[in-house]
Amino acid sequence: MSEKPIPRAALNTPQDELSPAESVKRKGFISWLVVGWVAFASATGTFLAMIVRFLFPNVLFEPPQSFKIGFPDDFQIGVVDERFKALRGIWVIRDSEGIYVLSTVCTHLGCTPNWLRTEGKFKCPCHGSGFRKSGINFEGPAPRPLERYRIVLAENGQIIVDKSIKFQQEKGQWSHPEAFLKV
Amino acid sequence: MLDWLKSVVDFISTPSISLTLILLMFPFVFPPTAWFETWHRRLGLHNLWTNRGGLVMFSVITLIFVWGFTDVNFSKILGKPDNVPIMILIYSVFFFLWLAMKSAYENDAHIAAGEPVQEYYPPEDKVLVWPDLVYIELIALILMMVFLLVWSIGLPAPLEEPANPSLSPNPAKAPWYFLGLQEMLVYFDPWLAGVVFPSLIIVGLMAIPYLDSDRKGSGYYSFAGRRTAVFVFLFGWLVLWVFLIVVGTFFRGPNWNFFGPFEEWSVTKVVPLININLSEYVWVKLLRVGLPANPLVRESVGIIMLVLYFGLTPVMLARGKLRPLLDKLGSIRYSLIIFLALAMVLLPIKMYLRWTLNLHYIISIPEAFFNI
């Protein structure tokens with residue numbers, strides 16, 4: 001006997017030999033298919049919605065975006081003040097005309113540049129972008145200047161910095177009166 | 001004497017010089033045309049892919065590393081646990097390159113003599129997946145696991161203090177396998193060097209079997225029959241990927257400045273560098289009229305140049321030297337291949353423009369975050 005055994009399923013069994021349980025009607029099959037897919041889609045959709053919801057927490061444990069940094073006389077002319085870099089992520093710079101606040105986020109890929117006092121520039125350690133004291137980019141790949149934050153005086157004479165409002169030079173926003181505090 | 005040699009190595013390591021040397025040497029080592037092939041033979045470079053050539057390459061690399069470990073500054077870089085993979089990479093790249101090229105040259109000789117290639121498996125050129133291949137894979141897998149376990153126990157990964165968002169390490173380096181991408185990011189905008197180009201690399205590599213349907217060299221090592229294709233691939237792999245990883249590892253120091261391997265990584269090294277956009281070159285320096293207010297007008301020169309680069313070059317090449325390629329592949333495959341090749345060559349072009357002309361961006365529209 002060299003013949004291979006033929007599986008039962010491969011044989012052409014007549015329809016009437018099947019038991020009622022084995023013969024699934026076409027209509028019933030499609031409705032079960034619809035039920036299954038709807039259940040699957042709604043479960044997946046619910047999970048996705050939960051994941052998206054996870055991205056928006058109820059409470060954010062971070063320092064307030066608007067805060068006071070002291071009186072204008074606390075800042076020396078020509079000095080880049082690095083006291084607020086670690087906690088607030090800002091540099092406060094006073095020149096002969098007034099005070100402005102720079103973001104410490106590099107506009108290339110978001111590393112934190114270092115202030116090199118001897119060279120008078122901010123230099124990013126990730127891809128070598130360089131910014132002048134004003135925040136203008138002049139070397140490396142950074143496509144635009146550092147962002148400035150809103151700076152105003154409170155009623156008691158202290159400086160308020162508001163990080164929720166930023167001013168971008170390439171959009172011409174640095175001339176906004178709140179981007180620069182005249183002293 | 002040794003100090004003088006070190007300063008020579010430092011000088012040659014400057015990427016503008018080392019890349020130029022590599023680009024000049026590359027077609028002679030991997031000849032893409034018959035003309036280069038004759039010079040390749042005349043210079044004796046085919047001897048690289050023999051046992052003796054392999055031994056010479058191995059000794060030279062080892063000698064450089066041994067020399068490096070005797071130097072105060074180079075040994076600091078070589079001794080970092082992060083950089084061990086790079087040393088393994090250099091050895092393994094050269095070993096497998098040598099192995100493949102040696103087999104290819106031997107096969108080329110076989111083909112020229114009308115004999116079957118080494119990989120031919122009589123009688124029908126077929127090998128069984130099970131058990132022949134699967135057993136080899138299993139053994140390779142186990143050996144690799146042993147190697148990784150021994151490595152990770154013997155040389156623990158460096159643990160550092162918790163990340164501080166206000167303090168980026170100086171220099172801040174990507175994982176070693178991404179250092180080529182990080183080097184690319186120095187010359188291009190993040191969305192281009194971080195998103196578009198990596199996607200193009202992946203999609204382009206996946207597209208190779210569909211774009212290049214030549215069956216020659218399929219299933220066995222060969223060079224003579226596919227020398228241009230092998231040249232283009234090795235250019236992208238060895239120069240634009242491996243070489244840039246080596247540059248990022250050994251030659252990039254604090255503030256992302258270039259340092260020679262024997263140079264001290266000084267945080268205070270001053271490199272005067274002012275980058276200027278093409279629009280500023282044209283409108284301010286050449287025409288002396290000041291930048292136009294409309295960004296599209298301002299960047300029109302760069303836009304025209306890039307449109308010509310990607311639009312006109314394929315047509316010129318099709319009329320000239322690459323006419324046979326167009327006839328063979330058809331216009332769609334031809335233009336896709338040329339587009340991918342032009343995008344690949346854009347990287348060294350931009351690097352040279354940055355090094356020679358301090359060119360910042362060819363097109364610079366920061367208002368829309370679009371820079372090339």
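Tutor: Let us begin with the sheet in chain A, where four strands form an open sheet in the order β5-β6-β7-β8 with antiparallel pairing; strands are DSSP runs of E with at least two residues, helices are runs of H or I with at least four, and both are numbered from the N terminus, while two strands pair if DSSP finds at least two bridges between them. This is a predicted model, in which local features need pLDDT of at least 70 and side-chain atom pairs count only at pLDDT 80 or more, whereas totals for chains, interfaces and linings use all residues. Residues are numbered from 1 along each chain as its sequence is written, chains are lettered from A and ligands numbered from 1 in the order written, and side-chain values use heavy atoms, leaving out hydrogens and water.

Student: How many bridges join β5(A) to β6 of chain A?

Tutor: Three bridges join β5(A) to β6 (residues 121-123) of chain A, and the two run antiparallel; A:W115 stands opposite A:F122 in β6(A).

Student: Is B:S103 buried or exposed?

Tutor: Buried means under 20% relative accessible area, exposed over 50%, and partly exposed in between, with a 1.4 Å probe and protein chains only. B:S103, which lies in helix α6 (residues 84-112) of chain B, is buried because its relative accessible area is 12%.
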